Amino acid sequence: MTRDELKAEMLRHLQYSFGKDPAHAQVRDWRMALSMAVRDRIVEPWFAATRATYSGQHKRVYYLSLEFLIGRLLEDAIVNLGLGQAAREACAALDLDFEAVMTDEPDAALGNGGLGRLAACFLDSLSTLSIPAHGYGIRYEHGLFKQSFHEGRQVEQAEDWLNQPHAWEFERAESSYEIGFWGEVEEKDGRAIWHPGDAVLARAYDTPVIGWQGRWANTLRLWGAKPTKLFDLARFNTGDFTAAAQPEEAARTISRVLYPDDTTDAGRELRLKQEYFFAAASIRDILRRYTSEYDDIRRLPHKVAIQLNDTHPAIAGPELVRILHDEHGLAFDEAVQIASATLNYTNHTLLPEALERWSEGLMRHLLPRHMRLIEQIDDWHARTTKGRTLSAIDQGSVKMGELSFMLANRVNGVSALHTGLMKKTVFAELDRLHPDRIVNQTNGVTPRRWLLACNPGLSGLVTETIGTGWEDDLERLGQLDPHVSDAGFRARFAAVKRANKAHLSDWIGREMGISVDPDAMFDVQIKRIHEYKRQLMNVLDVIATWHAMRGEPGLDWVPRVKIFGGKAAPGYQTAKEIIRLINDVATVVNSDPAIGDRLKVVYPPNYNVSMAERLIPAADLSEQISTAGKEASGTGNMKFALNGAPTIGTLDGANVEIRERVGAGNFFLFGLTAEEAMARREVPDHAGRAIAASPELAQAIAHLERGTFSPGEPDRYRHLAQILRHHDYFLVCSDFAAYHAKQRAVDAVFRDRDAWVAMAARNTARSGWFSSDRTIRSYAAEIWDVTPVEVGPGACVLAS
Ligand code: CBF
């Protein structure tokens, strides 16, 4: 598509789709016009992919996830379709600021963090690999809350991405399913019939997901909740307007907000409703599509693979059994066998508080038929495995991990370490009963978004050095490795990083009014705020460094900019205290004349996917410092390495594999291993001993206790100090000295710029394995038993 064609299409959409005269159009109108012009180019390959799937009777993958953190879609589409230059030029020809048009798009924040972003990367790779697939989730009206800071404290506000037309979706009013809740189960002629007490409609909204070079497009189908009957006119006519609107309100609540966290108790009933709502609608839709093509329901696993992204969609299992048994009339055991040959489950965490459990009472009340089936599934499992000691129902709750495991063909962890720990800990007994069921699938990230689009400077250098083709064959980055010993290449690599940092410095200056030196080390920790991720250890190191700088101002300190980003779950008080501490430390450090430009702390509010795309290409150092054994994988760690930021990190999650691939010499390792961490917790007063052994740590904690960073309220950080001294489950104190020392080693290497650049470049060159294309190929072969559809010339191509 040429610049002029795109420009003409934009003008056409502006006028006819949005009724705007170019003379009065705002940035938003132009952004919508560009989006429509680009979207038109997706529809053809999308249809062609669907037709190819039907005509070839290909097996389909269904990815069920309560979260899809898709971010902005316009740039993704432009990049995948190769329209970057045409779009820039068309905007220029229309006298538009291209960057302003692109950044006008709201981030679709339909997820909390890594799990949701992984789902989005997987969709991209499924389309790139031309694997017929659907993502299924919820069309939340309000995604993850907007974060701002008031006097350093996190303030949450409702996010409103749907407050304006959504450019990428197609509403499918005809694809609606009635989803029941509550009610009774009638036993009739040996069969169970569920009569729900109430119901809502699940309506489909489809977003096409285009793969690399537009060769294939899959669908992300999100469900919105609607009332089954409009509103109560009789009540309205009596003047009781609120009661009249009640059914609509009750239904809408289900898809109104993304559940803000996977670790708190709030809104449990609503959460279970959300889970059943989307799982049941998706199962119905999958079976409708299957039965429209095939007669024999027993062959379902040959044509359908369902992946449960964590346990949030786990109720899909009993729902599938219910339909096969109660509605299709299959014997119970056969129904369970078919369901478990179709379903697979990914575990994303071993944190006990995040392993879902539903009270039996709530489950029985909300989903009476399903609770009965869960009991039967539990009996069936005990009967067929002789694992009588093991049950998915325990002390009045249903354990969704166990249930998902019992009903799965394959169960996977998301990094080698995590999978190993799954086998040793949470699922040890189930693993013994089903020794082949657990497999590892180390996570990955899409290189189209996380290198090509977000880092044009580096991707340009990669292409000039090794040619194109790496975008969907990321292991080709390995061809960069020999170039790292070439001083000319290193100089160009350094220049790209410097330019990205200068760009970020401008943004920080504009947005936050903080001036930072682009030649300082940009040290970045961006992720949800959680005790196990240990932002607290990072900020303690800032305090220790600040203290040391004040003590010896004449030393030749390596200047650093410490950058933080992330949100705390609204109910997670300790995480919120950590946020406030980072902000308070920033206030003191950034205005300390004795420190000047040598240490700055920057915490931009409302971290999201777009902010990650801005920060990662400019990072020098990647902070991956979780307590070993607690981070299942991490995916930010992969994005940083890919963009040339060496890691300072523990042997946790995928850090282990990153270090193996980039080389131990290009990774700053510190801290206890997962096994050592477990043992350390048993040592009496382990924190006290660590504090006594580290004057820097003792001093930093003393600053918290003295109120150095909260002079108006000296006790503000007493609670955090108490946790450190007496309840240090996440071993901040035990790992602090090693972390602080390793940071000084980082300084030493950074001083030798050439050595640093070589290390950074090796991180890029050796990160190709962390492409989500590799992960998806592996799921396809080892879990789903699907192969990519051959895309013949003219089948799904842009040129057709
Ligand atoms: O597997 C994807 C990510 O999932 C989490 O974010 C999760 O929500 N459980 C984990 O915490 C990450 O380690 C993991 O990378």
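## Where domain 2 meets domain 3

In this predicted model, 35 residues of domain 2 are in contact with 30 residues of domain 3, contact meaning C-beta atoms, placed from the backbone, within 7 Å. The side of domain 2 that touches domain 3 gets at least two residues each from β2 (68–71), α6 (114–128), β5 (146–150), β6 (153–157) and α17 (416–424). Helices (H or I, at least four residues) and strands (E, at least two) are DSSP runs, numbered from the N terminus.

The bounds below come from an automatic or database domain assignment.

| Domain | Residues |
|---|---|
| domain 1 | 1–56 + 81–105 |
| domain 2 | 59–71 + 107–441 |
| domain 3 | 517–752 |

Now the ligand. Domain 2 and domain 3 each give at least three residues to its shell. There are 14 residues around the ligand, and G114, L115, H348, A632 and S633 come nearest; near means a C-beta atom, placed from the backbone, within 6 Å.

Then there's an open sheet of 9 strands with mixed pairing, ordered β7-β10-β11-β4-β1-β12-β13-β17-β18; strands pair if DSSP finds at least two bridges between them. β7 (170–181) and β18 (438–440) are the edge strands with a single partner strand each, so one side of each has no neighbour in the sheet. β7 and β10 (residues 198–210) run antiparallel, joined by 9 bridges, and E171 sits opposite Y205 in β10.

A word on conventions: residues are numbered from 1 along each chain as its sequence is written. As this is a predicted model, local features need pLDDT of at least 70 and side-chain atom pairs count only at pLDDT 80 or more, while totals for chains, interfaces and linings use all residues.

Technical notes: Two residues are in contact if their C-beta atoms, placed from the backbone, lie within 7 Å.
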